[in-house]
Amino acid sequence: MLDPVIAFFERIFHAIGRGIGMVISFILWPFVAVGRWFQGRNWLIRAPIIILLLLLIFGYGQFLWVAERWVNWDPDYPAQYDVNAGTVGEPVDASDPNSCVPSQIVQVTRDLIDFNVNQNTWIPSHPLSKAGFFGIDWKNTPFMDNKAAFQLGINTVIRRTTIELADRLGRVRGTSQINQNLQDAKQAMSYNEDAWWLTFSPPFIQPSTAERHRTAIEALDTFNTEMADCKGEFDARTDNLLQFLERVTGDIGSTSDILRSRMEASDLGWFDPRADDRFWFTYGQLYAYYGILIATESDFSDIFDDRRIGSVWNVARDQLRQALDMTPFIISNGNEASWIMPSHLATMGFYLLRVRSNLVEMRDILDR
């Protein structure tokens with residue numbers, strides 16, 4: 001009775017085994033063919049190929065190490081700053097008119113640049129990041145792009161802040177001369193985000209993005225030294241704070257729209273290759289704005305106290321910090337009603353809108 005059944009299953013398993021073998025043979029055939037070709041060559045051909053393969057193995061190993069290793073990432077990094085130092089530009093001590101309070105916004109901006117290009121490798125400029133995965137951009141794959149997206153999110157905030165510092169905050173009522181150090185920092189941060197030191201077009205050698213960003217660190221350090229020596233200008237007025245909050249609100253609104261567009265374009269859940277870079281770009285932006293806005297509270301402390309926006313800001317600050325606790329291992333862009341594949345983009349978008357609504361309320365209070 002059982003013999004026909006056993007024979008039937010034996011035929012099925014035999015067919016499955018043959019099918020698996022054929023698939024494996026098809027996958028391995030190119031490698032076997034290349035191996036046979038390689039064995040038939042002399043060492044004048046073999047040696048360069050071996051050297052090239054070793055360089056590729058070493059290069060991708062190094063790229064894997066720097067692209068997946070996040071150094072000194074800390075959502076609570078703003079705790080290191082003295083937010084009670086006083087309004088920027090005021091004397092630290094009334095008895096010493098030659099020692100003034102430096103800008104916390106400038107300091108946080110400087111430290112975020114240092115975090116991106118000195119404490120960590122700047123991934124967007126890495127040649128293997130630019131080369132992609134067999135010609136496919138890393139951002140179109142599920143691999144190796146999370147840290148790059150996070151760094152680019154931070155860089156977007158740094159660019160916005162250096163523009164505001166040079167064009168408005170670091171000069172008196174927009175009529176005085178632009179501070180050259182802030183202008184240098186602004187220009188350095190406007191540099192191409194993925195520049196490597198070699199290029200295929202003249203002059204073939206150029207400053208890398210990380211190198212240009214390091215010049216911005218030097219410029220911001222020099223400006224804050226001027227502020228500490230009571231020789232710099234920082235216009236901590238209500239209208240400047242209002243405009244800065246408007247710019248931040250606009251940036252967050254734009255990022256929220258990017259998340260919404262991706263959610264509408266796909267609901268593949270864990271299999272959406274673009275969801276992770278959208279998520280980590282947003283995370284990097286919030287990570288940077290968390291420190292910048294805490295520094296803003298310090299630099300504009302008189303206005304925060306006078307206009308009584310501290311309570312609204314405290315809510316926004318807590319919401320920013322809560323958003324930074326969201327670090328899923330795999331980013332999912334599923335349907336919002338899904339119970340298997342969640343929508344991490346929707347959750348991050350919810351945090352964005354909460355923060356944005358509180359910033360809008362702060363802006364409205366300042367505009368009264």
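The torsion about the S-S bond of Cys 100 and Cys 230 is about 105°, so the disulfide is right-handed. The model is predicted. Its disulfide count comes to 1. In the bond between Cys 100 and Cys 230, the S to S distance is 1.9 Å.

This pair links distant parts of the chain, 130 residues apart. Cys 100 lies in strand E2 (residues 96-100). Cys 230 lies in the loop between helix H7 (209-228) and H8. The two cysteines also fall into separate accessibility classes. Cys 100 has a relative accessible area of 7%, under the 20% cut-off, and is therefore buried. Cys 230 has a relative accessible area of 29% and is partly exposed, because this value falls between 20% and 50%.

Helix H8 (residues 238-265) also packs against helix H5 (residues 146-169). Their axes come within 11 Å and cross at roughly 155°. The angle is over 145°, so H5 is roughly antiparallel to H8. The crossing of the two helices is right-handed.

On the H5 side, the contact is made by Arg 160, Thr 161, Glu 164, Arg 168 and Leu 169. H8 contributes Asp 239, Asn 240, Gln 243, Phe 244, Arg 247 and Asp 251. By class, the residues of this contact divide into 6 charged, 3 polar and 2 nonpolar.

How values were computed:
Residues numbered from 1 in each chain as written. Predicted model: local features only at pLDDT ≥ 70, side-chain atom pairs only at ≥ 80, totals over all residues. Heavy atoms only, no water. Axes fitted to C-alpha atoms, helices over the stretch in contact; angles between N-to-C directions. Helix = DSSP H or I, 4+ residues; strand = E, 2+ residues; numbered from the N terminus. Parallel < 35°, antiparallel > 145°, perpendicular 65-115°, else oblique. Left-handed = near helix turned anticlockwise from the far one by under 90°. Contact = heavy atoms within 4.5 Å. Nonpolar A, V, L, I, M, F, W, Y, C, P; charged D, E, K, R; others polar. Disulfide = S-S within 2.5 Å. Buried < 20%, exposed > 50% of the residue type's maximum accessible area, 1.4 Å probe, protein only.
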